[in-house]
Structure formats: structure tokens, C-alpha cells
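This report describes selected local features of one protein model. The sequence and structure come first, followed by the text.

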Amino acid sequence: MSDIWLNKINWSDDGLVQVVTQEAASNDVLMVAWMNREALKLTVHTNEAHYWSRSRKKLWHKGEESGHVQKVKEIRLDCDNDVLLLRVEQVGEIACHTGRHSCFFNKLEKGLWEVTAPILKSPDEIYRK
């Protein structure tokens, strides 16, 4: 497959595109991350999510340490061509590095942030070093 499809994406000045990752079965938004061209090509080639870590300045395969990979079911591009939507099967129920199902577990209630989701597995158990 030619890489010409990558040219439709409006990459940021630093060569990235924002990615919203959604669980296909539940429609839960699991996380928001970034991809560069290499991460997106790897994602398409392997059918597993790969991202670009802005803090670590490197590619990462989601689940490379935790085993909680994301199997890609569908990739969509928004109308401005600058945000991707990944619809995935989240292996092991945990997408967040905090051990929760989703990274969006804080809900604003009456001016305070409330934690709305339990920790399914301690990060110390997930990321043994």
C-alpha cells in the first residue's frame, strides 16, 4: 500500500496529529494521545495502537509494558483532517496508566473534581520495574 493516504492529514508543525481512542464495544473514550507518521503507519500495519510520546520523545506501542494492547478496529479522520479517531478493542480492560479502564475518570461536580472510576489493578502491579 502506498503512503499517499498520509498526505491528507493536516500534521501539526511538529509532525504530530492528535488521536482520540474509543472502545468500539462500549463507545467509552479511553484516552487522547499523539501520533507521528511512523506511529500511524505501524498502527495500520500491525492493527495495534502505536503512539508518539511527547514527554519521552519516542514511539510507544500501547501495552508494551502492561500487556494492555489496543487492537484497532477502525481509524477515522475528522472533517478538518487534523484529529484521528481510533476505535479499538481494549485488551485487559485497562487503558489508563493509573490502572483504570479510561483516562477520563475525573468528573466536575459542583466545582470539585470527583474520581468516578475504580482502580482495576494497581499501577505497581502493572508496571513492575
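Phe104 is located in the loop between β6 (83-90) and β7 (106-109). Its relative accessible area is 51%, so Phe104 is exposed (buried means under 20% relative accessible area, exposed over 50%, partly exposed in between, with a 1.4 Å probe and protein chains only). Helices (H or I, at least four residues) and strands (E, at least two) are DSSP runs, numbered from the N terminus.

The model is predicted: local features need pLDDT of at least 70 and side-chain atom pairs count only at pLDDT 80 or more, whereas totals for chains, interfaces and linings use all residues. Residues are numbered from 1 along each chain as its sequence is written, and side-chain values use heavy atoms, with hydrogens and water left out.

**Strand pairs and hairpins**

Strand β3 (residues 50-53) pairs with β4 in the antiparallel sense over 4 bridges; two strands pair if DSSP finds at least two bridges between them. Trp52 stands opposite Leu59 in β4. The hairpin of β3 and β4 has 4 residues between the strands, and Lys57 there takes a positive phi near 55°.

Strands β5 (residues 70-77) and β6 also run antiparallel, joined by 7 bridges. Here Glu74 faces Arg87 in β6. Between the strands of this hairpin are 5 residues, and Asn81 has a positive phi near 60°. Asn81 is in the loop between β5 and β6, and counts as buried because its relative accessibility is 18%.

Most residues other than glycine have a negative phi. Asn47 is another non-glycine residue with a positive phi, of about 60°. Asn47 belongs to the loop between α1 (37-46) and β3 and is partly exposed, at 45% relative accessible area.

Gly67 is in the loop between β4 (58-61) and β5. With a relative accessible area of 41%, Gly67 is partly exposed.

**Salt bridges**

The whole structure contains 5 salt bridges, a salt bridge being a side-chain nitrogen of Lys or Arg within 4 Å of a carboxyl oxygen of Asp or Glu. The table lists some of them.

| Pair | N to O distance |
|---|---|
| Lys73 and Glu89 | 3.5 Å |
| Arg87 and Glu74 | 3.2 Å |
| Lys107 and Glu109 | 3.1 Å |

Lys73 and Glu89 form a salt bridge that links distant parts of the chain, Lys73 being in strand β5 and Glu89 in strand β6, 16 residues apart. Lys73 is exposed at 53% relative accessibility, while Glu89 is partly exposed at 36%.

Arg87 and Glu74 also meet in a salt bridge. Arg87 lies in strand β6 and Glu74 in strand β5, so this pair ties together parts 13 residues apart in sequence. Arg87 counts as buried, at 17% relative accessibility, whereas Glu74 is partly exposed, at 28%. Glu74, Arg76 and Arg87 are linked in a network of salt bridges.

In the salt bridge of Lys107 with Glu109, Lys107 is partly exposed, with a relative accessible area of 44%. Glu109 is partly exposed too, with a value of 29%.

**Aromatic contacts**

The structure has 1 aromatic pair. Tyr51 and Trp60 form this pair, which is tilted, with 5.1 Å from centre to centre and 40° between the planes. Rings of Phe, Tyr and Trp (its six-membered ring) pair if their centres lie within 6.5 Å; planes under 30 degrees apart count as stacked, over 60 as edge-to-face and the rest as tilted. Tyr51 is buried, at 0% relative accessibility, and Trp60 is buried, at 17%.

Arg100 lies over the face of Phe105, 3.9 Å from the ring centre. A charge sits over a ring if NZ of Lys or CZ of Arg is within 6 Å of the ring centre and within 35 degrees of the ring normal.
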